[in-house]
Amino acid sequence: MLSLSDNKTATVLFAVATLVGTLSACSTPATGTDASTPDTAAPVTSGDYADGTYTETGNYTSPNGAEQVDVTLTLASNVITDVAVVGFGESPNSKQFQGEFIGGIAAEVVGKNIDELSVDKVAGSSLTSGGFNKAVAAIKADALAE
Amino acid sequence: MLSPSKQFEAIGAPWQIDTAQPLSAEADAAIAARIDDFDRTYSRFRHDSLVSTIARTPGTYRFPPDAPPLFELYRRLYTATQGAMSPLVGHALEELGYDRTYSLQPSAARTRVPQWHEALSWNGNELTTHTPALLDVGAAGKGYLVDLVAEVLREHGVDALTVDASGDILHRGDADLRVALEHPRDTSKAIGVVSIRDQAMCASAPNRRAWAGLHHILDARTGRPTDRIIATWALTATALEADGLATALFFAEPSDLATEFDFQWVRMFSTGRVEYSPDLNGELFVGESGTGGSGT
């Protein structure tokens with residue numbers, strides 16, 4: 001969830017940590033993930049965040065050396081409404097991995113049964129009309145008869 | 001969650017409208033009239049529509065006042081997708097069998113989809129076609145009609161509502177609407193849940209309108225169905241833009257679309273991998289082996 005329940009520093013660090021986690025997973029295992037340890041870890045407290053825009057700089061070590069990204073978050077009513085990530089990677093690999101994050105977050109997902117979720121609606125492709133369904137059924141019947 | 005519900009079929013798909021109070025007979029009639037007006041203008045599935053008239057005879061045609069937002073969005077997305085998303089795919093869809101009678105029988109003919117400037121001029125209220133052109137506004141039309149139906153309801157004093165035109169959803173009210181993202185390969189499952197309020201969310205996938213190894217989402221540059229992406233979702237202020245962006249996500253990189261549009265998105269590749277915008281208000285069900293985080 002991107003809804004916030006922690007303080008802003010922790011959230012910004014979460015974003016950086018997520019980023020670094022992505023980068024680390026793309027890098028060679030030998031680099032480890034210790035570079036992602038935030039050096040300004042703040043105690044997690046509950047409470048509301050002030051609306052506004054926050055920027056943090058994340059540093060990590062890749063096989064190419066020290067790397068840096070700036071993450072800017074906009075908060076409104078405890079929800080992240082905007083994220084901007086600026087990468088400073090110099091090597092082709094760093095540029096590629098940072099670019100992939102800037103373009104969006106990639107993940108493998110697993111389906112959960114909709115029946116077991118508490119949702120109001122389901123969004124997928126449009127259900128088809130009776131006419132379309134009849135046509136598909138007719139074609140299948142023709143194909144079986146051939 | 002709002003209730004009661006009004007359910008009906010329109011423009012080839014089931015609809016459901018949820019409101020706090022039952023709709024008046026006047027509102028009911030106004031919705032039906034609005035949908036019929038839209039269909040008479042834009043449907044390529046009826047012989048008496050303006051779009052069908054234009055297909056028979058090139059020329060200059062005046063469109064109703066609802067046309068500018070639709071054509072302007074199409075023009076922006078045509079540019080943003082470098083010509084892949086085009087309203088000129090109507091003829092190609094017919095050749096593939098997605099025609100008025102749902103023949104679903106691909107013909108041998110493959111006519112090149114004309115480029116916008118070859119076939120169309122839009123001056124803000126009149127469309128001029130330079131060649132016989134069968135328009136298909138299926139990539140954004142249903143979302144737009146969701147906005148237009150919501151506008152009719154607003155005129156009848158109904159502000160809190162959910163209009164769900166089967167994959168194109170607009171929700172206004174005091175509470176969030178939680179929407180599951182349907183898995184395109186197993187429609188009993190979801191890959192995530194997002195919350196929307198005072199905004200629209202539109203989904204697109206080729207899994208249902210599919211026949212003979214083909215489907216209805218065409219790349220106008222090739223005239224062929226796309227195959228790299230198997231589902232998209234777009235969230236933004238209007239269902240018109242959300243619907244159009246959901247289709248554009250099949251053809252364009254989200255980061256390129258984001259320079260032109262303010263929206264959130266999710267898309268799923270044929271490999272099963274999912275990409276989503278960092279500012280998504282929701283949760284994706286990230287697997288154990290996932291490298292991206294949902295934050296939960």
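**Close-up views of a predicted two-chain model**

**Figure 1. A loop residue with positive phi, B:S166.** B:S166 belongs to the loop that joins β6 (161–164) to β7 of chain B. The model shown here and in the following figures is predicted. Although B:S166 is not a glycine, its phi is positive, at about 60°. Most residues other than glycine have a negative phi. Is B:S166 buried or exposed? It counts as buried, because 24 C-beta neighbours lie inside 10 Å and the cut-off for a buried residue is 20 or more.

Figure 2. B:L104 is located in the loop between α4 (90–95) and α5 (116–119) of chain B. Its phi is near 55°, a positive value in a residue other than glycine. B:L104 has 19 C-beta neighbours inside 10 Å and therefore counts as partly exposed.

**Figure 3. The open sheet of 9 strands.** The strand order is β4(A)-β17(B)-β16(B)-β15(B)-β10(B)-β7(B)-β6(B)-β2(B)-β1(B), and the pairing is antiparallel. Which strands form the edges of this sheet? They are β4 (105–108) of chain A and β1 (5–10) of chain B, each of which pairs on one side only. From one strand to the next, the twist averages 10°. Within the sheet, strand β10 (residues 199–204) and strand β15 (residues 229–236) of chain B pair in the antiparallel sense over 5 bridges. B:S204 stands opposite B:T232 in β15(B). Helix α7(B) lies across β7 (168–172), β10, β15 and β16 (264–269) of chain B, and runs at about 30° to β10(B).

**Figure 4. The packing of helices α3 and α7 of chain B.** Two packed helices are described by the angle between their axes and the distance between the axes. Here, helix α3 (residues 67–80) and helix α7 (residues 239–248) of chain B pack at an angle of about 25°, with their axes 11 Å apart. This angle makes α3(B) roughly parallel to α7(B), because angles under 35 degrees count as roughly parallel. The crossing of the two helices is right-handed. On the side of α3(B), the contact involves B:P69, B:L70, B:L73, B:L77 and B:A80, which meet B:L240, B:E241, B:G244 and B:A248 in α7(B). Sorted by class, this contact of α3(B) with α7(B) has 7 nonpolar, 1 polar and 1 charged residues.

**Figure 5. The open sheet of 3 strands in chain B.** The strands follow the order β3-β5-β4, with antiparallel pairing. The edge strands are β3 (60–62) and β4 (120–122) of chain B, and each pairs on one side only. In this sheet the twist averages 20° from one strand to the next. β4(B) pairs with strand β5 (residues 126–129) of chain B in the antiparallel sense, over 3 bridges. The bridge partner of B:S121 in β5(B) is B:T128.

Figure 6. Chain A has 3 helices and 6 strands, arranged along the sequence in the pattern α-β-β-β-α-β-β-β-α. Of the 146 residues in chain A, 29% are buried. A:A123 is found in strand β6 (residues 121–123) of chain A. This residue counts as buried because it has 27 C-beta neighbours inside 10 Å. Which residues does A:A123 touch, not counting residues up to four places away in sequence? They are B:G167, B:I169, B:V179, B:A180, B:L181, B:E182, B:M201, B:A203 and B:W233.

Notes. Residues numbered from 1 in each chain as written. Chains lettered and ligands numbered in written order. Predicted model: local features only at pLDDT ≥ 70, side-chain atom pairs only at ≥ 80, totals over all residues. Axes fitted to C-alpha atoms, helices over the stretch in contact; angles between N-to-C directions. Helix = DSSP H or I, 4+ residues; strand = E, 2+ residues; numbered from the N terminus. Parallel < 35°, antiparallel > 145°, perpendicular 65-115°, else oblique. Left-handed = near helix turned anticlockwise from the far one by under 90°. Contact = placed C-beta atoms within 7 Å. Nonpolar A, V, L, I, M, F, W, Y, C, P; charged D, E, K, R; others polar. Buried ≥ 20, exposed ≤ 12 C-beta atoms within 10 Å, placed from the backbone. Pairing = 2+ DSSP bridges.
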